[in-house]
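Open the model in your viewer and keep the selection tool ready. We will go stop by stop.

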Amino acid sequence: MKIVLKSETVRIASTLAAFFMALPLGLKGLTGIFVWTSPFIMLNSIIILKSFVVLNLLGTAVLLVVIFKNRFFCRYMCPAGFCCDKISGISRTKVSIHKKMPAVGSWLALISLAAAFAGIPLLILLDPLAIFHGTFSILSGDLSFVTILSLSGFPLLLAVNYIFPDIWCSRICPLGGLQDLLTDIRRRTSRLIRRKPQESDPYSPARRFFLASGLGLISGFVLPKLISPSRSQYIRPPASVEPATFNTLCIRCGNCIKSCPTNIITNHTDYSDLTSWMTPEINFGDGYCLETCNLCSSVCPTGSITHFSPDAKKIIFMGSAVVNYKECLLAHNKECDRCMAACKYNAVKIVPASRLLLMTPEIDQKKCVGCGACAVICPTSAINMIPPLAV
Ligand code: SF4
Ligand code: SF4
């Protein structure tokens, strides 16, 4: 009884911690840090990017623990699982048809990881922490019916668990399935070493591994060819991976949006490009990308925004500034050099215009990283920010 109480206390504490870190509270580098503890997100990310950052140690530590303590994450850490358990507990529904449903979580985990080897983290959005954080990212963006609907995965999960108690954790969750799979592999390996007979299982791990991995690999190779790449281009946060990978790797957790000190990252809500729906894009309003900041890259748990140091910013090209000369005060024989003064990368110079006695701002695209400082300061909005120009 004592142990049950202890586990319940840890679960409540974990759920509260995840909840506060998911809110737009200006927690800087701690924003959404809970997402980093998911081994499923961590594995998908490092397979796709073939890189490992320090915070991936959180997911790795959990991965090592679950090998020896099955469902450790579910029992002590998962905020989505805790809420699903509570909802299932109060459910009065008599529906039991789902109890005959086979547990597909470990299949889903294997399919997603195999597809990641082929270039797409197919089912990463099914991670329970992605679903949990996605819903809270509604609070950091513009509220509209469609955005609320599209980020309502967590309430939906609770509703499904109310109708079909325990269905998510025991049957579907790929993170739960990954833990079952790892424990199963550990048990079988230990029996093999101790030369004990294996437990009978109609789907032996080898067979399951072969089938699910094959399915994942085929999906990973075929799906990108079926989905035509979008022609639209947006300004993404600095050091974002290329668009096709970005759209599939980004779990729409909103960490980058919540962490940005100048509030220039917003959700992409262009109906004409649904593959990018709710991914982050840059919209310079009154702010620009600070030359000393790397927060969005520090809090992104998937590496969609690859980690960079502020020192590297002068070589990270997130966009390009272009001048509409007709709108510039200099074209009207008035004095101004605000854009040149605002540029921290020395990319703007005031030079003689082709027309006699007039001056004009000239942007050196080899130096312009697209931070938006000049566009924001321009009193006549004569500078537009566009996706990076190839130079
Ligand atoms: S690096 Fe730029 S876009 Fe990213 S959080 Fe900082 S100011 Fe915002
Ligand atoms: S880019 Fe990274 S931090 Fe931003 S929403 Fe996507 S996964 Fe989250």
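**Stop 1: the domains**

Select residues 2-226 for domain 1 and 317-391 for domain 2 of the protein chain. These bounds come from an automatic or database domain assignment. Their C-alpha centres lie 48 Å apart. This is a predicted model, in which local features need pLDDT of at least 70 and side-chain atom pairs count only at pLDDT 80 or more, while totals for chains, interfaces and linings use all residues. Residues are numbered from 1 along each chain as its sequence is written, and chains are lettered from A and ligands numbered from 1 in the order in which they are written.

**Stop 2: the ligands**

Show ligand 1. It has 14 residues around it (C-beta atom, placed from the backbone, within 6 Å). Cys 260, Cys 289, Cys 293, Leu 295 and Cys 296 are the closest. Which classes make up this shell: nonpolar, polar or charged? Eleven residues are nonpolar, three are polar and none is charged. Here Ala, Val, Leu, Ile, Met, Phe, Trp, Tyr, Cys and Pro count as nonpolar, Asp, Glu, Lys and Arg as charged, and the others, Gly among them, as polar.

Move to ligand 2, with 13 residues around it. Cys 250, Cys 253, Asn 255, Cys 256 and Cys 300 come nearest. This shell has eight nonpolar, four polar and one charged residue.

**Stop 3: helix H9**

Select residues 153-163, helix H9. Helices are DSSP runs (H or I, at least four residues), numbered from the N terminus. Phe 154, Leu 157 and Asn 161 are buried. Buried means 20 or more other C-beta atoms within 10 Å of the residue's own; exposed means 12 or fewer; partly exposed is in between. An α-helix has 3.6 residues a turn, so residues three or four places apart point the same way. On the other side of H9, color Leu 156 and Ala 159: both are exposed.

**Stop 4: Leu 175**

Jump to helix H11, residues 174-193, and pick Leu 175. Is Leu 175 buried or exposed? Leu 175 is buried, because 27 other C-beta atoms lie within 10 Å. Leaving aside residues up to four places away in sequence, Leu 175 touches Ser 38, Phe 40, Phe 73, Asp 127 and Pro 128. Contact means C-beta atoms within 7 Å.

Note on methods:
Helix = DSSP H or I, 4+ residues; strand = E, 2+ residues; numbered from the N terminus. Contact = placed C-beta atoms within 7 Å.
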